[in-house]
Amino acid sequence: MEYIQQWFEQLFGTALGSTLFLFAENLVYILAIVIPLLLGVAYLTFAERKIIAYMQIRLGPNRVTFFGISWLRGWGQPIADAVKAIMKEIIVPTGANKFLFLLAPVITIAPALAAWAVVPFSPELVLADINAGLLYILAMTSLGVYGVIIAGWASNSKYAFLGSMRSAAQVVSYELAMGFALVCVLMMSSSLNLGAIVMGQQGDSFLNWYLVPLFPMFLVYFISGVAETNRAPFDVAEGESEIVAGFHVDYSGMAFTVFFLAEYANMILVATLTSVMFLGGWLPPFNIVPFTYIPGIIWLLLKIAFILFFFLWFRATFPRYRYDQIMRLGWKIFIPITLIWIVLVGMIMQLPASVRDTFPLNLWFN
């Protein structure tokens, strides 16, 4: 990299060359995150269709292939779906606010991509290792609801607006529970830096992960993440049988597709943050050979895939909840549980050091 930087400085001058090199370097890092993420989103849709098909004793996509290779049947389906969406016309309804109508999908997907800037894939692999990474994540993930609200309002449709209002109320309700669950992680790690949170779970085995002492918070955070992404059984904002797909009922073509890209990108983000906050991130389950020989990013990807499987399993298993059930779960169950756990963690942290150094508290409270 030093040779490339020197080449930039010789070509454009020291000051301008350094600036252009920094811009090019960051652009390469951003593409190295965004391109695999978009491919992951595409093939997560394929995995969902195949896994749910197997659960329901069906075949799922099994026709589209690459170059006629028989054992890749179905693997070309996400590419075919993308080409089909690109070729479709984007229809703007009469009376809609065209600018906001087209801006809403961008507002929805932009935070889902921007949040990855502070996610650590290993001790060295992180785009922006900032101290307030957790605060940045919370800020970015809170912006996506604005895209949903704008989409429903700009469509000039009562059904779309109703769907956006339902989604906004749901997201705000479960964001509170997610935030309180992460407060417990913040208290135990004493840091807002995601890399420091992972290193706070370092130890001899998975017993050092925050999953063990914060297991109720793990469940609250994960289930709230399912609700945040409008996934089944919390997909009342897109309830096809009730409000005809909700806030994006009037969208078509790539504008429609971008909403689903944002949904699946948020699923991967929630699975990643769940792994980082509660499952030790890139840390192996046992700090012994041969587990330590496997690169940390592989462990992180395995944990992400494990969490994503539950997203798909829930969709194939649970019926859609009523809206009053969703609100009751968020306000009357999750938020009180998180507040109680925050008090318990705070009380343990105020215990004398001699007590916190005894087993098992010494696994998590140093």
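A pocket, on a 1 Å grid over the protein atoms alone, is an open set of points with protein on both sides within 12 Å along at least five of seven lines, and its lining residues have an atom within 4 Å of a point. Grid points are joined across faces, edges and corners, and a volume is the space filled by probe spheres set on the points. Rolling a probe the size of a water molecule over the atoms shows where empty space is left.

Before we look around, keep in mind that this is a predicted model, where local features need pLDDT of at least 70 and side-chain atom pairs count only at pLDDT 80 or more, while totals for chains, interfaces and linings use all residues. Residues are numbered from 1 along each chain as its sequence is written, and side-chain values use heavy atoms, with hydrogens and water left out.

Let's start with the largest pocket, which holds about 1000 Å³ of space. It is lined by 35 residues, and the closest to its centre are T45, D81, T257, F260 and Y264. Helices here are DSSP runs of H or I with at least four residues, numbered from the N terminus. Three of them, α2 (14-55), α3 (77-87) and α11 (253-278), each give at least two residues to the lining of the largest pocket. What is that lining made of? It divides into 17 nonpolar, five polar and 13 charged residues. For this sorting, Ala, Val, Leu, Ile, Met, Phe, Trp, Tyr, Cys and Pro count as nonpolar, Asp, Glu, Lys and Arg as charged, and the others, Gly among them, as polar.

Now for the second largest pocket, with about 730 Å³ of space. Of its 23 lining residues, P36, L37, W116, F121 and L301 are the closest to the centre. Both α2 and α12 (296-317) supply at least two residues of this lining, and α2 has the largest share, with 10 residues. The lining of the second largest pocket splits into 22 nonpolar, one polar and no charged residues.

We'll need some words for how open a residue is: buried means under 20% relative accessible area, exposed means over 50%, and partly exposed is in between (1.4 Å probe, protein chains only). V28 sits in α2 and is exposed, because its relative accessible area is 53%. Leaving out residues up to four places away in sequence, I51 touches F309 and L312, where contact means heavy atoms within 4.5 Å. I51 and A316 are 265 residues apart in sequence, yet their C-alpha atoms are 8.9 Å apart in space.

Next stop: helix α5 (residues 133-141), where G133, L134, I137 and M140 are buried. Looking down the axis of α5, these buried residues fall within an arc of 125°, so they line one face of the helix. That arc is taken from the directions from the helix axis to the C-beta atoms. What covers these buried residues? The cover includes α4 (98-114), α6 (144-154), α7 (158-189), α8 and α11.

Loops deserve a look as well. Q201 lies in the loop between α8 (194-199) and α9 (215-228). Is Q201 buried or exposed? Q201 counts as buried, because its relative accessibility is 0%. Its side chain reaches the backbone oxygen of I197 at 3.3 Å. Setting aside neighbours within four places in sequence, the residues in contact with Q201 include N208, W209, Y210 and L283.

Two other loop residues have a positive phi without being glycine. S190, with phi of about 55°, is in the loop between α7 and α8 and counts as exposed at 61% relative accessibility. N230, with phi near 60°, lies in the loop between α9 and α10 (240-243), but N230 is buried, at 6% relative accessible area.

Finally, have a look at two peptide bonds. The bond from V289 to P290 is cis, with omega near 10°, and P290 is in the loop between α11 and α12. The bond from F359 to P360 is also cis, with omega near 5°, and P360 lies in the segment after α14 (353-356).

Conventions
Polar contact = N/O pair within 3.5 Å; in protein donor to acceptor, adjacent residues only side chain to side chain. 1 Å grid on protein atoms, 1.4 Å probe; cavity = no way out; pocket = protein on both sides within 12 Å on 5 of 7 lines; lining within 4 Å.
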